[in-house]
Amino acid sequence: MVIIYKRVVIIFLGLFFIANLSEGCKHEESERMFNMKNVVSDYVIPRNVDVWLPPSYYSTKNKRFPVLYMHDGQNLFDTATATWGITWGIAEWVEKLSGQGKIPEVIIVGMWCTPKRYLEYMPNKPFNLLSNELQTTLIDEYGGNPLGDEYLKFIVEELKPEIDKTYKTLPDQANTFIMGSSMGGLISSYAITEYPEVFGGAACLSTHWIGSTKNGGHEVSNALVKYLTENLPSPDNHKYYFDFGTKALDSLYKPHQLKIDSVMHKAGYLQGENWMTQKFEGAEHNEYFWQKRLDIPLVFLLNN
């Protein structure tokens, strides 16, 4: 299965990618940001996907790069598309940290969210552990059943093969990572747990363990505790990063994160080695605060 584009777009992109790769090996200076519009999937509704290439991508002919997949791609690079006008500053952080030798250069793939964001970022298996009453309440609140499994199939079965075919990636598990915030943090933790052979590390910022501010709370996080207890992959070759602030929505997360931390500890994960949980005093639930601390999960995941 490959990603299917609209007829005109697929012809253009196919020629564009081929030309780009061949020319990229010849020139130091070339385009480093690619914006793919309305990428169609067999599993989920179409969305934009951004691909950012690191500074040495074209100047190092035989070098291949790790890949970091990130949710809410519209908020990563451009203030004009960012929901609240503030980006994660991911490109600036990667250039700074790689320039300092703290992380390798990495390709960033940003999957934009859609109007079905909540459904696509809700993990199916933990949801199925909830009471029938809460399942019905959440389905009514968010307008449908979870689509987390379908969204991950889009990434793993459709998007990643195309990225690996088109760009100079290191496609193995040890060099493939996933990151997100809030519900994006929730689906990131689910992604590495469901696909431990694909992802070597996940960064989950301000993870929305409670599922909903109106409904759920401890019942949702208890379901996630049960799911992770039964499904966490080996700590030998996986990394999990979690964090939370203490203000606004983030102020709700501490007791739920402590339950997840207990699961990580019992599974043999070691704080500061293959698992990290951080609390940020005064931090709120938005891109401004995630941008400020983004260097910490980047270094933790990518510095091997």
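Which residue forms a salt bridge with Lys 160? Here are a few notes on that pair and on others like it; please keep in mind that the model is predicted.

1. The partner of Lys 160 is Asp 164, and the closest N and O atoms of the two are 2.7 Å apart. You will find both residues in helix α6, which covers residues 148-166. They sit four residues apart, about one turn of the helix. Lys 160 is buried, with a relative accessible area of 9%, because the cut-off for that label is under 20%.

2. Glu 95 and Arg 32 form a salt bridge as well, with 2.7 Å between the closest N and O atoms. This pair links distant parts of the chain, as its two members are 63 residues apart. Glu 95 belongs to helix α2 (residues 90-99), while Arg 32 lies in the loop between α1 (7-24) and β1 (33-39). Glu 95 is partly exposed at 35% relative accessible area, and Arg 32 also counts as partly exposed, at 24%.

3. Do have a look at Glu 281 and Lys 279 too: their side chains meet in a salt bridge, at 3.2 Å from N to O. Glu 281 is exposed, its relative accessible area being 60%. Lys 279, with 40%, is partly exposed.

4. Now for the wider picture. How many salt bridges does the count come to? The count comes to ten, and the pairs described above are among them.

Definitions and conventions
Residues are numbered from 1 along each chain as its sequence is written. This is a predicted model: local features need pLDDT of at least 70, side-chain atom pairs count only at pLDDT 80 or more; totals for chains, interfaces and linings use all residues. Side-chain values use heavy atoms; hydrogens and water are left out. A salt bridge is a side-chain nitrogen of Lys or Arg within 4 Å of a carboxyl oxygen of Asp or Glu. Buried means under 20% relative accessible area, exposed over 50%, partly exposed in between (1.4 Å probe, protein chains only).
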